[in-house]
Amino acid sequence: MKKLAGLCLLLAGCASPPATHYWSLTTPVSPVATTCSATIQIGPVIVPDAYDRPDVVVTYGKHEIAWSGTDQWEAPLPSVLASRLAVALHRELGTGQVYTWPSMLTGAPDYTVQVQIQQIRATLGGSVALHAIWAVKTVKGSIRNNTALVEQAAGTAGYAGVVDAVGIDVDSLGAAVARDVRASGGCAQSNAG
């Protein structure tokens, strides 16, 4: 019996845990003609507490969420979202001066964009919906607040589809925020596609 127990412990010790997958929302930064000289600082980006963790979180049914033990964001989710949003604003506004908070920016930015994700609903093989509110603040002190609900179908199964859909949702959010930056007097309409 002791030999069998020892063999079981040996085999259990040799079993390898499932591999961890780290996900990023980075996208190549396409060269964009610089048409705007405004400096923009993104952040902070705030997410619901249940999502402010390393694991990718998915929704089951109306009220159940689950944290993946093997699929994780490459960095804290607020940083991941802010980085993707910065790329989207760079593309939408034609400015190469988009920074994420905290940044090494010296001096006050022309525009500060603060974002609070109110809700995230991500379903494996389904869609990802982000409900966000944001404020665009100018260096002169004016504030423009707005909200959006963006939703994207997951194009592929599993966590890869969820991550792709989150990225597309953030790009859509970036387009909406860019409209508010323009409405606040910054950066004329870009020819970005």
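Start with Ile 40: leaving aside residues up to four places away in sequence, its contacts are Leu 89, Leu 93, Thr 95, Gln 97, Val 98, Tyr 99, Tyr 111, Val 113 and Val 181. Keep in mind that this is a predicted model. Ile 40 is also among the residues with the most contacts inside the largest nonpolar core, along with Ile 42, Leu 81, Val 115 and Ile 117. That core has 46 residues, and β2, β3 (55-60), α2, β6, β7, β8 and α3 each give two or more of them. Helix α3 supplies the largest share, at 11 residues.

Now for the sheet. Five strands line up as β5-β2-β6-β7-β8 in an open sheet with mixed pairing. At the edges you'll find β5 (98-100) and β8 (143-153); each has a single partner strand, so one side of each has no neighbour in the sheet. Going from one strand to the next, the twist averages 25 degrees.

Look at the β8 end: β7 (residues 127-138) and β8 run antiparallel, joined by 11 bridges. Within this pairing, Lys 137 sits opposite Ile 143 of β8.

Then come the helices. Helix α2 (residues 77-93) packs on the sheet, where it touches β2 (40-46), β5 and β6 (111-122), and its direction makes about 150 degrees with that of β2. Helix α3 (residues 158-183) lies across β2, β6, β7 and β8, at about 25 degrees to β7.

And the aromatics? Searching the whole structure turns up zero aromatic pairs. Trp 67 does have a charge over its ring, though: the charged end of Arg 53 sits 4.0 Å from the ring centre.

How values were computed
Residues numbered from 1 in each chain as written. Predicted model: local features only at pLDDT ≥ 70, side-chain atom pairs only at ≥ 80, totals over all residues. Heavy atoms only, no water. Pairing = 2+ DSSP bridges. Helix = DSSP H or I, 4+ residues; strand = E, 2+ residues; numbered from the N terminus. Axes fitted to C-alpha atoms, helices over the stretch in contact; angles between N-to-C directions. Contact = heavy atoms within 4.5 Å. Phe/Tyr/Trp six-rings, centres within 6.5 Å; stacked < 30°, edge-to-face > 60°. Lys NZ or Arg CZ within 6 Å of the ring centre and 35° of its normal. Core = buried A, V, L, I, M, F, W, Y, C linked by side-chain atoms within 4.5 Å. Buried < 20%, exposed > 50% of the residue type's maximum accessible area, 1.4 Å probe, protein only.
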